[in-house]
Amino acid sequence: MITSPTTDRELLILISKGNELAFRRLFDLYNKRLFIFAEEMLKSAADAEEIVQESFTKLWQNRENLTEIENPGSYLYRMVRNSTIDLMRKTARERKLKDQVWANLSQSDNSLEEELLKKESQELIKQALDQLSEQKQRVYRLSREEHLTQEEIVAATGLSKSRVNNIIVEVLKHIKASLEKHSPYLALVFWITAWEKFL
C-alpha cells in the first residue's frame, strides 16, 4: 500500500517494480496539468489528451529505467513537450511563428529564458499580473520569484494544495493570453518555459 507522504521519486521506484497503484497515483498527480500545457499549445483537446496518454504509456513500458530519474515532473513535462513539438511540426499552420520558436528550441532553453528576461517582456508580464487579485499575484510571485514549492506556498498562504495548483494554472493562462495580444511568439515562449518551472 502507498502511504500519502510518498514522494514522486518514490512513486517512480515503485512503478519501476511494476506497481500499478503507484502508476495510477503519478498519473492522477500530473495528468491534468500536462493536459492543460499541451492543449494550450495545440488548441486541440483530443490531440493533447492523446499525447499525455501516450507519454504515460511510454513511461510504463520503459518503467525498468525509471530509477535514474530524479525529477518525475520535469521528466514527464519534457516527454509531453517533445511530443507536442513533434506534432506541431507536422501540422504547423502559422509557419513563420513556428519556425522562430523551433529555431530557439533547437539552440537551448537558455535562449527562451533570455527572451522573457528582456525589459519589454518583463513589463508586459507585470502589466498582466497587475490585473489579478492580490492573492493570485502573491501565489505567482512565491512560485516564480521566490522559487517556493507548492507545499511551501501552501504553508505560507494557508491555501489548499489544489487551490494553489489552480491559481498557478489560472495565472499562467492569463499571462499567456495577455502576451498574445502583443506577440504570439512571446506568448508561446512564456508558456513553454513557465511550465518547466511549474512541474
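Lys43 is found in the loop that links helix 2 and helix 3; helices (H or I, at least four residues) and strands (E, at least two) are DSSP runs, numbered from the N terminus. The model is a predicted one, in which local features need pLDDT of at least 70 and side-chain atom pairs count only at pLDDT 80 or more, whereas totals for chains, interfaces and linings use all residues. Residues are numbered from 1 along each chain as its sequence is written, and side-chain values use heavy atoms, with hydrogens and water left out.

**Overall architecture**

- The protein chain has 11 helices and zero strands.
- Along the sequence, its pattern reads α-α-α-α-α-α-α-α-α-α-α.
- Of the 199 residues in the protein chain, 45% count as buried; buried means under 20% relative accessible area, exposed over 50%, and partly exposed in between (1.4 Å probe, protein chains only).
- Among contacts between residues at least 6 apart in sequence, 62% join residues at least 24 apart, where contact means heavy atoms within 4.5 Å.

- Lys43 has a positive phi of about 60°, although Lys43 is not a glycine.
- Lys43 counts as exposed because its relative accessibility is 53%.
- Ser44 is found in this loop between helix 2 and helix 3 as well, and Ser44 counts as buried because its relative accessibility is 18%.
- A polar atom of the Ser44 side chain lies 3.1 Å from the backbone nitrogen of Asp47. A polar contact is a pair of N or O atoms within 3.5 Å; within protein, one must be able to donate a hydrogen and the other to accept it, and residues adjacent in sequence count only if both atoms are side-chain atoms.

**The largest nonpolar core**

- The largest nonpolar core holds 52 residues, of which Phe56 and Ile175 touch the most other members. Such a core is a set of buried Ala, Val, Leu, Ile, Met, Phe, Trp, Tyr and Cys residues joined through side-chain atoms within 4.5 Å.
- At least two residues of this core come from each of helix 1 (8–16), helix 2 (20–42), helix 3 (45–61), helix 4 (72–91), helix 7 (119–130), helix 8 (134–144), helix 10 (161–180) and helix 11 (184–198).
- Helix 2 provides the largest share of this core, with 11 residues.
- Domain 1 (8–93) and domain 2 (132–196) each contribute at least three residues to this core; the domain bounds come from an automatic or database domain assignment.
- In soluble globular proteins, nonpolar side chains tend to be buried together.
- Leaving aside neighbours within four places in sequence, Ile175 is in contact with Ile125, Ala128, Leu129, Tyr140 and Phe190.

**Helix 1**

- The buried residues of helix 1 are Leu11, Leu12, Ile15 and Ser16.
- Seen down the axis, the buried residues of helix 1 fall within an arc of 140°, so they line one face of the helix; the arc is that of the directions from the helix axis to the C-beta atoms.

**Helix 3 and Phe35**

- Glu50 is found in helix 3 and counts as partly exposed because its relative accessibility is 44%.
- Glu50 and Phe35 are 15 residues apart along the chain, and their C-alpha atoms are separated by 9.1 Å.
- Gln53 also has its place in helix 3, and Gln53 counts as partly exposed because its relative accessibility is 36%.

- Helix 7 has 12 residues and reaches 16 Å from its first C-alpha to its last, close to the 16 Å expected at 1.5 Å a residue; the expected span is 1.5 Å times one less than the number of residues.
- Ser121, Leu124, Ile125, Ala128 and Leu129 are buried in helix 7. They cover an arc of only 140° around the axis, which puts them on the same side of helix 7.
- The exposed residues Lys119 and Glu120 are carried on the face of helix 7 turned away from its buried side.
- Helix 10 has 20 residues and reaches 29 Å from its first C-alpha to its last, close to the 28 Å expected at 1.5 Å a residue.
- The buried residues in helix 10 include Val164, Ile168, Leu172, Ile175 and Leu179.
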